Amino acid sequence: MAHSDSDPPLLNHYGTLLCHSTQWDEPQTRVTMEECQLPLIDLCDLGSDDEMVRRACAAAICKASSEWGFFQVVNHGISSQLVDKMRCEQVKLFRAPFETKATSGLLNNSYRWGSPRATCPNQFSWSEAFHVPLTKVSDEACYGDFKSLREVMTCFAAAMSELSRLLAGILTENLGNWKQASISNICDETTCFLRLNHYPACPISPEIFGLVPHTDSDFLTILCQDQVGGLQLMKDSKWVTVKPNKDALIVNIGDLFQAWSNDVYKSVEHKVVSNATTDRYSIAYFLCPSYDSLIESFVKPSIYRRFTFREYREQVQEDVRKTGYKVGLPRFLLKGSEDLTTTTTESNTRLYIPSITAKS
């Protein structure tokens, strides 16, 4: 296996886990996964002069969030030129020597690789990333020798932030309580993140995850990925592969929106599978609230108890530290609510279809 000085020591860490692990799930033979076409939504329709077209677009966003937990958007307002520039700068960043990435404090010292808390091979992610708070994206001191990255990343983060708030506003209004609980009032730059991901080629085993199965601990995530593929999600109790679309961004619902909507919207488990021959790159934007924001259902009876974002993060981190796995929302289920998850979901999948004012 070829190794360059830019690669993190993923093989060494994985090999250590393989030799010393006392836990090992049954190995799974990689099979050809069913390829799915996520619901595709043209956001140009939100700017239509025809109110029915605007309402239909909003309804499609809400329907996909309820039935899939994932959808893709085109004509999203982020130019292909900006995406290409961001991808070029991202590749240059990850091609820097490993020591530079790991020790020079780049991007708020946010570099991570592998899975530090993994206790067995099935908890290991064959990837590296920079997880950057929005408050640091424009900070010149964070970029070191990568000066050209700053301008592009600042523009990209601003565009992703604007898009996330547009989509979150539509999803919130659909719940009928948008005046009382606007996401823009509780989400700010201090807790939103931009994550730059690199999944090096992994020829040693098809069983190694690029990113382990998980749900996202936020309101929603917007993903800009290349054409290599590898993203899979759980649909109808089976894993399906998401077909890349070069013109689309992928949007998925996070745990907080599922709790806030009382399971109207679904935070769906997803993962990245490794590629034997080709590196994969992606950029994810995470829309998160302030740490002390209270998350509670908009209807009663509620499936989940009230909690703050800080409490949720701390519980997730504790579970990962103790077990190697995220538990997530099941930790916050109210007693007896297990029986409500099906009936409440069925009764709440109605769509209010908000009245959308045309964009200028």
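How many helices and strands are there in the protein? The count comes to ten helices and 15 strands, and please keep in mind that this is a predicted model.

**Overall picture**

- The protein has 360 residues, and 51% of them count as buried.
- Taking contacts between residues at least 6 apart in sequence, 80% join residues at least 24 apart.

**Helix H3 against helix H7**

- Two packed helices are described by the angle between their axes and the distance between the axes.
- For helix H3 (residues 80–94) and helix H7 (residues 147–174), the angle is about 135° and the axes lie 9 Å apart.
- H3 is therefore oblique to H7, since angles from 65 to 115 degrees count as roughly perpendicular and only those over 145 as roughly antiparallel.
- The crossing of H3 past H7 is left-handed.
- On the H3 side, the contact is made by Leu82, Val83, Lys85, Met86, Glu89, Lys92 and Leu93.
- H7 contributes Ser148, Leu149, Val152, Met153, Cys155 and Phe156 to this contact.
- By residue class, the contact of H3 with H7 holds nine nonpolar, one polar and three charged residues.

**Helix H2 against helix H7**

- Helix H2 (residues 51–67) also packs with H7, at an angle of about 80° and with the axes 10 Å apart.
- That angle makes H2 roughly perpendicular to H7, because it falls in the 65 to 115 degree range.
- Ala58, Ile61, Cys62 and Ser65 of H2 meet Leu167, Ile170, Leu171 and Asn174 of H7.
- Here the contact of H2 with H7 divides into six nonpolar and two polar residues, with no charged ones.

**Glu128, a glutamate in a strand**

- Glu128 sits in strand S5, which covers residues 128–133.
- Is Glu128 buried or exposed? Its relative accessibility is 1%, so Glu128 counts as buried, the cut-off being under 20%.
- Leaving aside residues up to four places away in sequence, Glu128 touches Ser6, Pro8, Phe94, Lys101, Tyr111, Arg112, Trp113, Leu196, Asn197 and His198.
- One of these partners, Leu196, is 68 residues from Glu128 in sequence, yet the two C-alpha atoms are 8.5 Å apart in space.

Terms used:
Residues numbered from 1 in each chain as written. Predicted model: local features only at pLDDT ≥ 70, side-chain atom pairs only at ≥ 80, totals over all residues. Heavy atoms only, no water. Helix = DSSP H or I, 4+ residues; strand = E, 2+ residues; numbered from the N terminus. Buried < 20%, exposed > 50% of the residue type's maximum accessible area, 1.4 Å probe, protein only. Contact = heavy atoms within 4.5 Å. Axes fitted to C-alpha atoms, helices over the stretch in contact; angles between N-to-C directions. Parallel < 35°, antiparallel > 145°, perpendicular 65-115°, else oblique. Left-handed = near helix turned anticlockwise from the far one by under 90°. Nonpolar A, V, L, I, M, F, W, Y, C, P; charged D, E, K, R; others polar.
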